[in-house]
Amino acid sequence: MRISTLRLSIAMLAGVLAALPAAVPSAAQDWPTRPVKAITTTSAGGLSDVFMRALGEELRQRWGQPLIVENRPGGAMNVGTRACAESPPDGYTICITNADAMAYNQYLFKKLPFDRNALTPITNLFHLIHMLVVNSDLKVKNVDELVALSKAKPGTLSYLAPSPPLVLFMETLKKEQGADWVRVPFRGGGEAVNAILGGTTPIALFGEGNVISHVRSGRMTALVMMNNIRSPNFPEVPLLSEIGYKGPPSRSWYGLFAPTGTPKPILDRIHKDVVEIVNNPEFRQRHLHARSLVPAINTPEEFAAEIRRDSEIAAKVVKEAGFEPQ
């Protein structure tokens, strides 16, 4: 009797185990059955926040569930990235973070507050077009003139930059050219633009979308495009490679991730839907091109390889700039 019962139990267990592999695709097919959370690394109104809300509206129409944006700014993008890495891998959390958190911060901090392997790349979303701009009252037209002015007025010029790669560029240029300028803390887009316009911080490396109207009005002067990406809005502004800069250009991107362990069928569904939305010409024009963003959609494998390449570049740039982990 005991043997018979044991055999029955084993048979039942085998049946349950055999059914498990099929259960994941089935669950993925039914997904989502409730709202999906999207963690951003910027505050409300920030770049990733605005983009994810636009993307979320399109996804809602496909998924039948809302995308709830949760802002987790701070810590050089580490706060939001950590929140995503520590979320349950059940398909109900995705996040948008950038090159700072995934490539540069590992060399700028003694210890990251999150495990980079705890995040799975889904797709890159877009590159930012960054410009080196100055208050037009400085009367400089190119990088050489800016360097010369800083030498003529030592200790009087300051700059701001929103990300480590851009800070590294300014500090490297300062070291190579013997320039004399000082970095000031970056506190937010609106405050930064006002500081440039008011002349209190007359130099900035900034996203084109933040300053395009001021460059067109003549209140700011664009000196160089930081990403080696030609801007259709300012085709006359030179690229870094065209002014003799030999080092790697800053690469500022925002990509889509999920906690590692999220079922692959769900990741595939997210990737498919996001790619279709971002590749839609109307969506691209309205939410990317109009904001001076460059689409960067790719496969998870391509994105992972891109992160590895950027990490190698970041290690070299940080070392050559003489930055010590904080």
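Guide: Let's start with what covers the buried residues of H3: the list includes strand E1 (36–40), strand E3 (93–98), helix H4 (99–108), strand E4 (119–128) and strand E10 (253–259). Contact here means heavy atoms within 4.5 Å. Helices (H or I, at least four residues) and strands (E, at least two) are DSSP runs, numbered from the N terminus.

Guide: One caution: this is a predicted model, where local features need pLDDT of at least 70, side-chain atom pairs count only at pLDDT 80 or more, and totals for chains, interfaces and linings use all residues. Residues are numbered from 1 along each chain as its sequence is written, and side-chain values use heavy atoms, leaving out hydrogens and water.

Visitor: Why is Cys 84 called buried?
Guide: Buried means under 20% relative accessible area, exposed over 50%, partly exposed in between (1.4 Å probe, protein chains only). Cys 84 has a relative accessible area of 0%, so it counts as buried. Cys 95, at 1%, is buried too.

Visitor: What makes helix H3 (residues 78–85) mostly covered?
Guide: Six of its eight residues are buried, among them Asn 78 and Gly 80.

Visitor: How do you know that E1 and strand E2 (residues 67–71) pair?
Guide: Two strands pair if DSSP finds at least two bridges between them. E1 and E2 have five, in the parallel sense. For instance, Ile 39 has Glu 70 in E2 as its bridge partner.
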